[in-house]
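Colleague: I am new to this structure and would like a close look at one part of its surface. Could you walk me through the charged patch and then show me how it sits within the rest of the chain?

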Amino acid sequence: MKLDKLKKIKTLYFLIGISIIAFIFGIFFITILSNKDISIVKDYITTFITNIHDKQINFLSILKDTFFSHLIILIIIWLLGISIIGIPIIIFFYFFKIFSLGFALSSFVLTYKIKGLIFSFLYLFPNEIIKYFVYTLIVTNSIKISKKIIKSIMKKETIDFHVLLKKYTKILIISIIIIFISVIYETFAIPYIFDKLYFLVK
């Protein structure tokens, strides 16, 4: 096995470990919230579901806001990958994304109990799983690129930065395209599905 491939696998295992920790933290974070904060979370979820049912959602605005929030994060991660100080910040962004997902899923369960598991599952599959793979892809490569730059500086080695950047840019473009498709699904398909299941929580 080539050394680069072995290092990439080790990075992947490390990110999977980070994912598990962040997801668990996100799920159980809700247990340390105050009663006031829990009430705010419940109100947010119920308002979200009610607005979907009452057709009070601006889909185009949500599509734009959601996509651009992901786009900004992806570009930041990409840019951090071509720096020598980016790795800790990249890992923080990655941790926070998974943590937020865990918190969102637990919020559905907190609000709707057993029925909330259905909403959590439909929110998670396939959309959030796809996003997870996209972020894992770009974070893995960002860390790889950053390590190569650091190594080249420390050992005073020359690297073909043009070739490296070309491949790295392709990964960013692919990630953006997949995220855009995922956001379209999140904006239009998930509200439709949730609306059809509104009878469970009304």
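Modeller: Happy to! A patch here is made of residues with over 30% relative accessible area and no salt bridge, and like charges are joined within 9 Å. Please keep in mind that this is a predicted model.

With that in hand, look for K7, K10, K147, K151 and K155, which gather on the surface as a patch of positive charge. Two helices, α1 (3–29) and α5 (114–154), each supply at least two residues of this positive patch.

L12 belongs to a nonpolar surface patch, together with Y13, I16, I20, I21, I24, F25 and F28. L12 itself is at 33% relative accessibility, so L12 counts as partly exposed.

Setting aside residues up to four places away in sequence, S175 touches L74, V134, L137 and I138.

Another buried residue is L63, in helix α3 (residues 59–81); L63 counts as buried because its relative accessible area is 15%, and the cut-off is under 20%. Beyond its neighbours within four places in sequence, L63 is in contact with V183, I184, T187 and F188. L63 and V183 are 120 residues apart along the chain, yet their C-alpha atoms are separated by 6.6 Å.

Stepping back, the chain has six helices and zero strands. Its C-alpha trace spans about 65 × 35 × 30 Å along the principal axes. Of its 202 residues, 41% count as buried. Among contacts between residues at least 6 apart in sequence, 83% join residues at least 24 apart. Finally, the accessible surface of the chain comes to about 12100 Å², and carbon and sulfur atoms account for 74% of that.

Technical notes:
Residues are numbered from 1 along each chain as its sequence is written. This is a predicted model: local features need pLDDT of at least 70, side-chain atom pairs count only at pLDDT 80 or more; totals for chains, interfaces and linings use all residues. Side-chain values use heavy atoms; hydrogens and water are left out. Helices (H or I, at least four residues) and strands (E, at least two) are DSSP runs, numbered from the N terminus. Buried means under 20% relative accessible area, exposed over 50%, partly exposed in between (1.4 Å probe, protein chains only). Contact means heavy atoms within 4.5 Å. Patches are made of residues with over 30% relative accessible area and no salt bridge: like charges are joined within 9 Å, nonpolar side chains (Val, Leu, Ile, Met, Phe, Trp, Tyr) within 5 Å. Accessible areas come from the Shrake-Rupley method with a 1.4 Å probe; for residues, only the protein chains shown count as cover. A salt bridge is a side-chain nitrogen of Lys or Arg within 4 Å of a carboxyl oxygen of Asp or Glu. Lys and Arg count as positive and Asp and Glu as negative; His and the chain ends are not counted. The place of a charge is taken as NZ of Lys, CZ of Arg, CG of Asp or CD of Glu.
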